Amino acid sequence: MSKLYLVSLGCNKNLVDSEIMLGRLKNYELTQDPSQADVMIVNTCGFINSAKEESINTILELASHKKENSVLVVTGCLMQRYKEDLMRELPEVDIFSGVGDYDKIDEIILKKQSIFSPKTYLQKNEKRVISGSNFHAYIKISEGCNQKCSFCAIPTFKGKLKSRSLDDIVNEVKELCENGYYDFSFIAQDTSSFNKDNGVSDGLIELIDRIEKIDGVRFARILYLYPTTTSDALIKRIISSNVFVNYFDMPIQHISDDMLKIMKRGANKTRIKELLNLMSSAKNSFLRTGIIVGHPGEKQSDFDELCEFLSEFKFDRISVFAYSKEEDTNSFSMEQIPNNIIVKRLNKIEKIVNNIISQNFKNEIGKEILCEINGVSSEGEMFYGAKNVIWDKDIDGEILINDSTLKNLQTGKVYKCKITDATNDKLIGEILDIA
């Protein structure tokens, strides 16, 4: 049997595409050793400079492991965005493809032919091989983005919003439930605009209504809510749901009105605060956000306002990014902030964020929660690794289980857990009972 080595870089939306390719290549034996692979695939990310560098380095690293007659395939966002340059500069690569042909990967490899379809691939009735979990799956609900953020190039290579049919999404979740999955994260580039391309307002509310009726779904969450397309009604529907947890992931990017305007975010700080306050009013609410530091036009007063807001509002998790100058964006031609100033601001805001998150972890001590056992912890076999059922997979932290009143804990099972201690980025818990 031929062997396959696949690397999926970037976001979890890319991961879903990689899982679709795995589904098309089920006849291959997966290997963790690239030097043994007959086919190597890199699903690239082309979002920001650091991701682009990681993609190129990964391609070159795998090329150094190629054995005789093996095939190196490079696909994904970076290829779609820079296909002419990369096809010219990477003779080590045998097959190139973009973001339109994940469901044809088996044919592409068989024919050893590079291909770039003009349209972004929109998942439909494709069998995936879920990786990394036996109980959690990401569900991609649309492709492309209708937003016009000044710093983002995604619409230039992903195109406008195209939503999957609701029936197709429901059928995929039903099938996964039949195979033992019960925890789902719904994702897209422009999640809160779901079904607007079909004239449906607040399409996520209809999605929630349908998913709630599926036997086997115990926990669900929606990722990447956009301020201008997230309604009060949607937030209230999530809060009222008995399946969708009160997990609110809204990357605000900034809080200064001047910066929000420059960034073309659409919503002003008054509206953003209204949404966040409504979210935080929910019982057991969990708020995650993302911010960009050093975008062109960011004055010191704008940065100070952002720092003050983050210190006061106290999100549960905050992702911080230094501005990345990207071609084909409005901010590319703006006057850039010197790198030394960006680094200085980044260091300051990371200290604020680290203190906030550390305190949030400490605040969990003594609480009893529901957790899911992921398997062996990141600290090794001395602990089980677990996550709070509210959290998303991998990004919100880890609970180290060092004690239990039960024997033979099982990966993928839900347990009642008491948090007994906390480190800077991990909780320590004791299993009390099965949930």
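Q: Is phenylalanine 135 buried or exposed?
A: This is a predicted model. The relative accessibility of phenylalanine 135 is 4%. Buried means under 20% relative accessible area, so phenylalanine 135 counts as buried.

Q: How are the rings of phenylalanine 135 and tyrosine 182 arranged?
A: The structure holds nine aromatic pairs. In the pair of phenylalanine 135 and tyrosine 182, the ring centres lie 5.4 Å apart and the planes meet at 15 degrees. Planes under 30 degrees apart count as stacked, so this pair is stacked.

Q: How many residues apart are phenylalanine 135 and tyrosine 182?
A: Phenylalanine 135 sits in the loop between helix H5 (105–111) and S6. Tyrosine 182 sits in the loop between helix H7 (166–178) and strand S9 (183–187). The pair links distant parts of the chain, and the separation is 47 residues.

Q: Is tyrosine 182 buried or exposed?
A: Tyrosine 182 has a relative accessible area of 8%. The cut-off for buried is under 20%, so tyrosine 182 is buried.

Q: How are the rings of phenylalanine 309 and phenylalanine 315 arranged?
A: The two ring centres are 6.1 Å apart. The planes stand at 70 degrees. Planes over 60 degrees apart count as edge-to-face, so the pair of phenylalanine 309 and phenylalanine 315 is edge-to-face.

Q: What is the relative accessibility of phenylalanine 315?
A: Phenylalanine 309 counts as buried at 7% relative accessibility. Phenylalanine 315 counts as buried too, and its relative accessibility is 0%.

Q: Which cluster do ring pairs link together?
A: Phenylalanine 135 and tyrosine 182 form a stacked pair. Ring pairs also bring in Phe219, and the cluster is Phe135, Tyr182 and Phe219.

Q: Over the face of which residue does lysine 325 lie?
A: Arginine 317 lies over the face of tryptophan 391, at 5.4 Å from the ring centre. Lysine 325 is at 4.6 Å from a ring centre, and that ring belongs to phenylalanine 332.

Q: Which element supplies the largest share of the lining of the largest cavity?
A: A search of the whole structure finds one cavity of 30 Å³ or more. Its lining includes Leu15, Glu19 and His136. Helix H1 (12–24) and strand S6 (136–140) each supply at least two lining residues. The largest share, three residues, comes from S6.

Q: How many charged residues line the largest cavity?
A: The volume of the largest cavity is about 30 Å³. By class, its lining has four nonpolar and three polar residues, and the charged residues number three.

Q: Which residues lie closest to the centre of the second largest pocket?
A: The second largest pocket holds about 620 Å³ of space. It is lined by 27 residues, and the closest to its centre are Asn284, Ser285, Glu364, Asn388 and Ile390.

Q: How many nonpolar residues line the second largest pocket?
A: Strand S11 (244–249), helix H13 (339–363) and strand S14 (368–377) each give at least two residues to this lining. Polar residues number eight, charged residues eight, and nonpolar residues eleven.

Q: Which residues does arginine 237 touch, not counting residues up to four places away in sequence?
A: Arginine 237 has its place in helix H9 (residues 232–240). At 16% relative accessibility, arginine 237 counts as buried. The residues touched are Ile205, Ile208, Asp209 and Glu212.

Q: Which elements do the buried residues of H8 pack against?
A: Helix H8 covers residues 203–212, and its buried residues include Leu204, Ile205 and Ile208. These buried residues pack against H7, S9, strand S10 (219–222), H9 and S11.

Q: How far apart in space are leucine 122 and isoleucine 141, C-alpha to C-alpha?
A: Leucine 122 lies in the loop between H5 and S6. At 28% relative accessibility, leucine 122 counts as partly exposed. Leucine 122 and isoleucine 141 are 19 residues apart in sequence, and their C-alpha to C-alpha distance is 9.0 Å.

Q: What is the phi of asparagine 69?
A: Asparagine 69 lies in the loop between helix H2 (49–63) and strand S4 (71–76). Asparagine 69 is exposed, with a relative accessible area of 68%. Although asparagine 69 is not a glycine, its phi is positive, at about 70 degrees.

Q: Where is tyrosine 224 found?
A: Tyrosine 224 is not a glycine, yet has a positive phi of about 70 degrees. At 23% relative accessibility, tyrosine 224 counts as partly exposed. Its place is the loop between S10 and H9.

Definitions and conventions: Residues numbered from 1 in each chain as written. Predicted model: local features only at pLDDT ≥ 70, side-chain atom pairs only at ≥ 80, totals over all residues. Heavy atoms only, no water. Helix = DSSP H or I, 4+ residues; strand = E, 2+ residues; numbered from the N terminus. Buried < 20%, exposed > 50% of the residue type's maximum accessible area, 1.4 Å probe, protein only. Contact = heavy atoms within 4.5 Å. 1 Å grid on protein atoms, 1.4 Å probe; cavity = no way out; pocket = protein on both sides within 12 Å on 5 of 7 lines; lining within 4 Å. Points joined across faces, edges and corners; volume = space filled by probe spheres on them. Nonpolar A, V, L, I, M, F, W, Y, C, P; charged D, E, K, R; others polar. Phe/Tyr/Trp six-rings, centres within 6.5 Å; stacked < 30°, edge-to-face > 60°. Lys NZ or Arg CZ within 6 Å of the ring centre and 35° of its normal.
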